[in-house]
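Visitor: I would like to go through this structure with each label set against the rule that assigns it. Could we begin with the surface?

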Amino acid sequence: MDTAMAYWLMKSEPDVYGIDHLAAEPDGTEHWDGIRNYQVRNLFRDRFQPGDQAFFYHSNTKVPGIVGIMEVVSEAYPDHTAFDPDEKYYDPKSDPDHPRWLMVDVRYIRHLDRLITLAELKADPALADMRLVQRGNRLSVMPVSEVEWQHILDMEKQDGNDNR
DNA sequence: GCCAACGTTGGC
DNA sequence: GCCAACGTTGGC
């Protein structure tokens with residue numbers, strides 16, 4: 001399968017694991033574990049490829065939004081944290097012979113020059129089709145189109161308070 | 001295979 | 001801290 005590079009948005013709570021944590025890892029690389037949602041598992045399995053790029057999004061925090069960029073650096077592989085009873089996301093229905101959950105490795109690329117807030121993303125008509133801004137969306141990993149990706153990078157260069 | 005109950009996510 | 005929206009579970 002040789003499809004074009006894809007773009008993603010991946011949420012994490014900064015108090016639990018934020019972009020500064022990733023940036024501080026050896027080689028800026030860490031596995032994105034703890035996904036226990038089948039839609040996301042399937043994205044990992046079927047659509048994630050090394051070389052894809054992803055926005056790092058801070059959720060469940062005072063001002064949620066996009067804070068940086070990372071790169072996917074592995075194929076999907078079994079999430080071993082599901083095997084360990086001491087882990088928060090232990091799942092007794094997953095075992096090494098029949099792993100139910102997958103993860104990918106990601107590498108820190110850079111912080112954005114500024115936080116692009118969820119409020120801004122919601123207010124921008126060009127981004128109305130993003131899963132992120134749609135009602136009741138609960139995916140913690142979701143696709144971003146190339147057009148949306150570029151648009152958000154353009155927003156980075158603008159003043160967040162009001163555009164243009 | 002339906003669907004109520006429950007747990008989780010995550011914005012506000 | 002509240003609660004809407006959603007996914008999952010399990011009884012039937």
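Guide: Chain A exposes about 9300 Å², of which carbon and sulfur atoms supply 47%; accessible areas come from the Shrake-Rupley method with a 1.4 Å probe, and for residues only the protein chains shown count as cover. This is a predicted model, in which local features need pLDDT of at least 70 and side-chain atom pairs count only at pLDDT 80 or more, while totals for chains, interfaces and linings use all residues. Residues are numbered from 1 along each chain as its sequence is written, chains are lettered from A and ligands numbered from 1 in the order in which they are written, and side-chain values use heavy atoms, with hydrogens and water left out.

Visitor: Why is Val147 called exposed?

Guide: Exposed means over 50% relative accessible area, buried under 20%, and partly exposed in between, with a 1.4 Å probe and protein chains only. Val147 has 66% relative accessibility, and therefore counts as exposed. Its place is in helix α5, residues 146-156, where helices (H or I, at least four residues) and strands (E, at least two) are DSSP runs numbered from the N terminus.

Visitor: Why do Asp27 and Asn60 count as exposed?

Guide: Asp27 has a relative accessible area of 62% and is therefore exposed, and Asn60 is exposed because its relative accessibility is 60%. Asp27 is found in the loop between α2 (19-24) and β2, with phi near 60°, a positive value in a residue other than glycine. Asn60 is found in the loop between β3 (53-58) and β4 (65-72), and its phi, near 55°, is likewise positive in a residue other than glycine.

Visitor: What makes the radius of gyration of chain A agree with that of a compact globule?

Guide: The radius is taken over C-alpha atoms, and the globule rule is 2.2 Å times the number of residues to the power 0.38. With 164 residues the rule gives a value near 15 Å, and chain A has 16 Å, so the two agree.

Visitor: What share of the contacts in chain A with a separation of 6 or more joins residues 24 or more positions apart?

Guide: A contact means heavy atoms within 4.5 Å, and residues 24 or more positions apart account for 74% of those with a separation of 6 or more. As for burial, 43% of the 164 residues of chain A count as buried.

Visitor: How many helices and strands does chain A have?

Guide: The secondary structure of chain A comes to five helices and eight strands.
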